[in-house]
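Here is a short briefing on how one chain is put together. Keep the sequence and the 3D view open while reading.

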Amino acid sequence: MGKNEKNDLEQEFKGRNLEDAISLAEHVLKLSRDQINYEVVAEKTKLFGIGSKEIVIRTWPKKKSGELAVTDFLDKLLTLYPLDINYYTKKKNDMIYIIFDGEDKHLLLWKDGLLLLSFQHVLNKVSTKKVQADCDFFRQRKERELKDYVQHIANQVQKSGRNEILDLMNPYERRIVHVAINQVPGITTESIGDGFMKKIRIFNEKE
């Protein structure tokens, strides 16, 4: 968490002791103490208050872990959608996998998985770890179809010697193309354009 961001979220709480101050912070912030960072700012005896002490703490929320940030965001987002969609998560190494299901899951796959990939793009913005979204083995089918397609294009380039430029693709699709073409001897690729969507040029390495 950056310094400015931390300062914006800081609040101070007072109590007769540390336990009272933390309990007050939990109540006001609606967070459990394992979600709160704190530091003691002051500890003093009240004026004319024999034996009466006061402690002041400064608090700020802990940054959420990758999986917690993703599930919190999804739970809030899905309540805004009038769709029957649910999900479960899996973790492997540093990757978080989100598997969607539900009666309306077909809408995630509409227009070649446009909504599914949009979810993935947004989730990677809120998570500290890499997120991969899937539904009905969409990724497996997509990779197989795209690999077959670019293999065909690569063969054409080998035979004709002419460049081929593919339609606009998102980062996920471009990664599949680059990896597949790298396995074809003498053929290479480059991305063209700026922004989220880019084209890919397939050409001979000796060009």
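A nonpolar core is a set of buried Ala, Val, Leu, Ile, Met, Phe, Trp, Tyr and Cys residues joined through side-chain atoms within 4.5 Å. This model is predicted. Its largest nonpolar core has 33 residues.

**Nonpolar cores**
- Ile98, Phe100, Leu166, Val177 and Ile202 have the most contacts inside the largest core.
- Helices H3 (66–80), H4, H5 and H6 each give two or more residues to this core, and so do strands E5 (95–101), E6 and E9.
- H5 gives the most, with six residues.
- Val177 touches Leu146, Val150, Leu166, Met169 and Ile200, leaving aside residues up to four places away in sequence.
- A second, separate core has eight residues, among them Ala21, Ile22, Leu29 and Ile55.
- In soluble globular proteins, nonpolar side chains tend to be buried together.

**Sheet E7-E9-E8**
- Three strands form this open sheet, in that order, with antiparallel pairing.
- Strands E7 (164–165) and E8 (187–192) are the edges; each pairs on one side only.
- Six antiparallel bridges join E8 to strand E9 (residues 199–204).
- Ser191 has Ile200 in E9 as its bridge partner.

**Helices on the sheet**
- Helix H5 (residues 138–160) lies across E7, E8 and E9, at about 40 degrees to E9.
- Helix H6 (residues 171–181) packs on the sheet and touches E8 and E9.
- The direction of H6 makes about 160 degrees with that of E8.

**Ser127**
- Ser127 sits in the loop between helix H4 (110–126) and strand E6 (130–134).
- Ser127 counts as buried because its relative accessible area is 11%, and the cut-off is under 20%.
- A polar atom of the Ser127 side chain lies 2.7 Å from the backbone oxygen of Lys129.

Technical notes:
Residues numbered from 1 in each chain as written. Predicted model: local features only at pLDDT ≥ 70, side-chain atom pairs only at ≥ 80, totals over all residues. Heavy atoms only, no water. Pairing = 2+ DSSP bridges. Helix = DSSP H or I, 4+ residues; strand = E, 2+ residues; numbered from the N terminus. Contact = heavy atoms within 4.5 Å. Axes fitted to C-alpha atoms, helices over the stretch in contact; angles between N-to-C directions. Buried < 20%, exposed > 50% of the residue type's maximum accessible area, 1.4 Å probe, protein only. Polar contact = N/O pair within 3.5 Å; in protein donor to acceptor, adjacent residues only side chain to side chain.
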